[in-house]
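Please read them alongside the coordinates.

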Amino acid sequence: MSATAQAVSREESPLPGGAGSGLYGWVATVDHKRIGILYLLTTLVFFVLGGVEALLMRIQLVRPNNTFLSPDAFGQMFTMHGTTMIFLVVMPVLIGLANYLVPLMIGARDMAFPRLNALSFWLLPCGGFLLHYSLLAGGAPAVGWFSYAPLSETPYASTSGVDYWTLSLLILGIGSVAASINLIATILTRRAPGLTMQRLPLFVWMVFVNSFLVILALPALNSAIVMLFIDRHLGTHFFAPAQGGSAVLWQHFFWAFGHPEVYIMALPAFGIISEVVPVFARRPIFGYEFVAASTVAIALLSFGVWAHHMFAVGLGHPMDLFFSATSMLIAVPTGVKVFAWSATLWGGAIRLTTAMLFAVAFLIQFTIGGLSGITFAVVPIDWQVTGTYYLVAHFHYVLFGGTFFAVFAGIYYWFPKITGRLLSERLGKVNFWMALIGFNTAFFVQHFLGLMGMARRVYTYPDLPGWGLLNLISTVGAFLLGAAVLVLLWNIVVSLRHGRLAGDNPWQAWTLEWATTSPPPAQNFDRVPPIRSRRPLWDLAHPENPDPPVGGRAARDGFVVEKNRVGMVSFLITESAFFLMLILAYLYYNSHGMSGPAPESLLNAQRTGLYTLCLLASSLTVWLAEQQLRAGKTVAFRWLLGLTMGLGGVFLFGQGREYFRIFHAGVLVNSNLFATTFFTLTGFHGLHVGVGLVALLILMGLAGAGDFKSGRIEAVRSIGLYWHFVDAVWLVVFSVIYLKLLL
Amino acid sequence: MPTSFNPIFEPASAQTAAMAGLFELVLVICGVILAIVAGLVGTSLMRFRARPGAAEPRPCFGNRKLEMIWTAGPLLVVGWLFILTAKGMQQADPPANQTPDILVTGHQWWWEVRYLPGGEVTANEIHLSTGRKWLVRLASADVIHDFWVPELARKMQMIPGQTNQLWLEADAPGTYAGECAEYCGAQHAGMRLTVIAEPPSAFAAWLQNQAQPALGPVSATAASGLKLFQTMTCVNCHPLRGVVTGASVAPDLTHLASRHTLGAGVLALTETNLFRWLKNAQAGKPGCLMPDLKLTDAQARALVAYLETLQ
Amino acid sequence: MTTAHFLTTAWQWNPRVIAASITTLVLYGIWQRGRFSGRAGWLLAGVLLFYLTLASPIDTLADGYLFSAHMLQHLLLLLLVPALMLLGLPATPVAGSQSVSQRPGAKGRPRRALAGWWLGMGGMWLWHAPALCDAAVANVWVHRLQYVSLLGMGFAFWRPIVGPRRGQRLPPLAGIIYLFSACLGCTVLGIIITFAPVEICSIYRHPVDRLGILPLLQNQWGLTPAYDQQLGGLLMWVPACLVYFTGILALFARWHREADPPAPVRDSPLTTAPGEKTHAW
């Protein structure tokens, strides 16, 4: 137990302090607690915006043939609502909670990379602002949140809305990936002594697994939107079928991101529930190992189900069947979790606080959403219900009734820790019942609307029997839900000033965040309690009946886990995924014959092979440089570093000459799909080489300033690793393009 | 308009009947699972509430056997569902190299319908004869659309750059509603389709009629309407066999008056609606690609008189 | 020819395969000195699967008829048979007090693991180069080389995961990365085969109907050459990944059971100790 709980006086801010005071302190902060709060506040703003967008749609749909919104305005509304809720609300709120809680739950002082953490946050309001700016600058995108091509290409989406969408998603994607890399490094390298991986709180475990999902899935989105952007602005035809492109490839690439994305939005929510339910049932989670393993299973399987969004595309029965099988399989680990949570309740001593109410509602609502999802995995059923309001009902049940109710539970659970005051239970119950009734009223009837034939994304509908009534009910429910959110906001405002003081551990919970004050001090912990099991605070409070120790004694194993290396490896994993997508696009387009410029006439493998050798040599020199630095020979280090940069520069020069030669032959990026894919793939690689050169230059400067004399050379090793990666990618690119491997 | 509209569970073809049957079975399975979970949770909430003053319950960390059961059990259910799926899909899609009977091309925001081998063209309405399966080939002239007639057939996307196929058949004569099910732009909601199934003799008569070129105008007003059609920009977009060939950006109007709706299902085809459409199509279907031709009332009435003769 | 008829009559009489199977079982029996534990079941399953792969109708179909059957053979020989047989070998027990890195044979692990991984992946990719693929179907010696090499590479691949010498196995988390990356590798190949219009094994595009079963395959089973290649790619991708995936889950369970968690943290010297004053970064 930590020192005395500090009484939070009226004069002090109820929110945690840190170095720096006032507004500037918040803007310049790198403290994970403040950044977490900034995430939560920002997502709240976007939640309200996205909610307004939804309510405007529900007003338009309240009766048949309504004229409240024009068709184009409606199109903008549903695109913005979907994009806002997914990228500006659900993902960041989960990352924000993780940001705040993970270091506390693992007994660390902060995240592994605090400044990167701040960057990740600030990319959120940037991206959100850019996206919403489109409303003022010619119109928001109106192509749906998954922006199918060719509807999103310039002939059909001629305003700049899609461009704002693309750029903001790139920015937001970078923020998400950075946050996930940070979380991976933090969880692997910042755990308190005794907190082995098997003893992690389930929230932390799920965030850990989830972070891998993020770094592997976002590159698929980034590659697709980069290609779309190039199509729209450089006249290329990646996704324009009329000129040889493929509309279906967009779908594959997007859903290769889109499906893991929905698990990215679900796993941390599962983590929240796995913390809340045990505490308010007064029992440890039932079957921790199975729940942890099922998380891994879900993460793995989530990459193998994407084409279940494409059963109506006509991929062929073998493909449909395989994706149907994997989609059904992924229900099994999800079911394991639901049963585990239910079994945790059984035999417990349940306290129905507001947090627990939301968690219990999650259990039922998520199950409903999951089951309707199973119906989609049965391909012939999907052929009837995809693209209808039945689908809209399904994903709102899992994302709102599921994830968002879990977030509400998390807010009620952790608000006392974050602010030092409890949220009002009275207002909380009002909030809960309004949300429960509002949500189910709004969305349950939508199942029926879909079964009755109402397609999604329609700005109006004919006066068919029952349609008007059900839409009216849905609109009423939506407004009730909106009111429930207002009650929550009111609860937060009121409780910040008049809420009951919470103390360190108001819920008698068992994980480490409750072993410090509420709110925690700047350094998080004065002293971390001894950790021998998954519930250190239970062990402290019940020394006569501690949890059986799990996760064994700490051992010295071969693995050295150092944060810079972990960070760099995670970054390289994400970049590999990005390059993989570009290479697959290259292979796809160039395995068909096509007219126009071809590699045989434009490229010279021998010449480029020589430049390739230069690049490979530069890998050798950077490795030698590292050895020299390790041996303390800084002068040799700087020479070798310079040589590396020189060789890299020669390679880039060679690439530049190649480009110049090709331009001279009259071939531009939009000449044909070979030219497009060639320039895109080699261009991005060249960009990575350039960034590498800049990084090497910075290292050179730091070495000159004497930074590495103390023997801390992790930065050099990490940049070296990056450089080797860039070379390895070139080997693959060279083989595929110049040596025509696999073609 | 149909009086009851529950298309998925009132199937009108063998294909959709199989899908509906499968759906009902799967819903029952899902209902059972939901009942189990809700039952567990509900019972817990009732039986295991915290009592003031009671000690903490004894920790229980799990039960391997139970966990295995609730992993294996769902695996078996899922296996069963998979077999049902595979069997359900055996209502196979048509083989790739068979000649289609009907070519449907999706446009923003109307349906072009072309019969083979005769080449009869119409728009926004498909007529079929009962008693046989029709092979429909789907294409798109612009963006991705999705062909969906819930009572008769599965959904299938219409993707520019590739063709897809499905079987369309109706057990009994009747009018069946369809729509586009993939967002395709502003008037995605206004891209509705009517499928009319008729006994073979009636269908043959209809098809024969559709094969005829446009009838000549029968009154003076209609004649002036035809003149307007030819001199104003109508001929640039709307095919009208016997009057203009080549254009096909907009619906074929050769037998407009034999159809039931206007604007791809957005309005009923009446004289008033036709008049209103010609005066200001944007009011009826905002965002549609038909421009405002700034017709005077007299001009519009003349055109209506002509168009009404195109049975 | 009906499916039932085909399945019951298309078995091969292959003396070499029978001899190899029986020899393996006999050798195992001698090694175990007639005392069989539950483990023997794994070995038996492996040998049985080996026999099925090379002597059942799968082999008949793979022999010039169906690319997907050919792919199934590969997967069985590379992924399943070696794993099952390795599981059947008695494991060398490890003294509980030794840490993982002190166990005998631990030093060469990374090199062996890397070699095993490359051999496993290489085997998969190599035999799908169109020239080699066709050669294997056309020439019986290349075919035999293919089988033997697949088995060998499969053993090399699985040894770091389920090899009998516990000390030489990879630590569970490393094993998870090993299998996951292998899964990625086979996914990429599977995707290429499924979607590419390039013919991987052109011989299967125009099968020669020695047995009169083409109508059965193409009409009754619906396996046209286009679907057949798609199916082959999907087999390489989905079931193969499921095998890796099962391995990953098993490793995860092993990790939880084992008493040696990964090493904690070597902190960067700049990390503040608890209680030490922090500076604003």
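**Notes on the predicted model**

1. C183(C) is buried, its relative accessible area being 15%. The model is a predicted one.

2. C237(B), by contrast in class, is partly exposed, at 32% relative accessibility. Which cysteine sulfur is closest to that of C237(B)? It belongs to C234(B), and the 8.6 Å between the two sulfurs is too far for a bond, because a disulfide requires the sulfur atoms to lie within 2.5 Å. Over all chains the count of disulfides is 0.

3. In chain A, helix α6 (residues 202–234) packs with helix α7 (residues 247–281); the axes are 8 Å apart and the angle is about 160 degrees. The two helices are therefore roughly antiparallel, since angles over 145 degrees fall in that class. The crossing of α6(A) past α7(A) is left-handed. Sorted by type, the residues of the contact between α6(A) and α7(A) comprise 27 nonpolar, 4 polar and 1 charged.

4. Chain B holds an open sheet of 5 strands in the order β4-β10-β9-β6-β7, and its pairing is mixed. Which strands stand at the edges? They are β4 (125–129) and β7 (156–158) of chain B; each has a single partner strand, so one side of each has no neighbour in the sheet. From one strand to the next, the twist averages 25 degrees.

5. Within chain B, strands β6 (residues 145–148) and β9 (residues 174–180) run antiparallel and are joined by 2 bridges. The bridge partner of F147(B) in β9(B) is C180(B).

Note on methods: Residues numbered from 1 in each chain as written. Chains lettered and ligands numbered in written order. Predicted model: local features only at pLDDT ≥ 70, side-chain atom pairs only at ≥ 80, totals over all residues. Heavy atoms only, no water. Buried < 20%, exposed > 50% of the residue type's maximum accessible area, 1.4 Å probe, protein only. Axes fitted to C-alpha atoms, helices over the stretch in contact; angles between N-to-C directions. Helix = DSSP H or I, 4+ residues; strand = E, 2+ residues; numbered from the N terminus. Parallel < 35°, antiparallel > 145°, perpendicular 65-115°, else oblique. Left-handed = near helix turned anticlockwise from the far one by under 90°. Nonpolar A, V, L, I, M, F, W, Y, C, P; charged D, E, K, R; others polar. Pairing = 2+ DSSP bridges.
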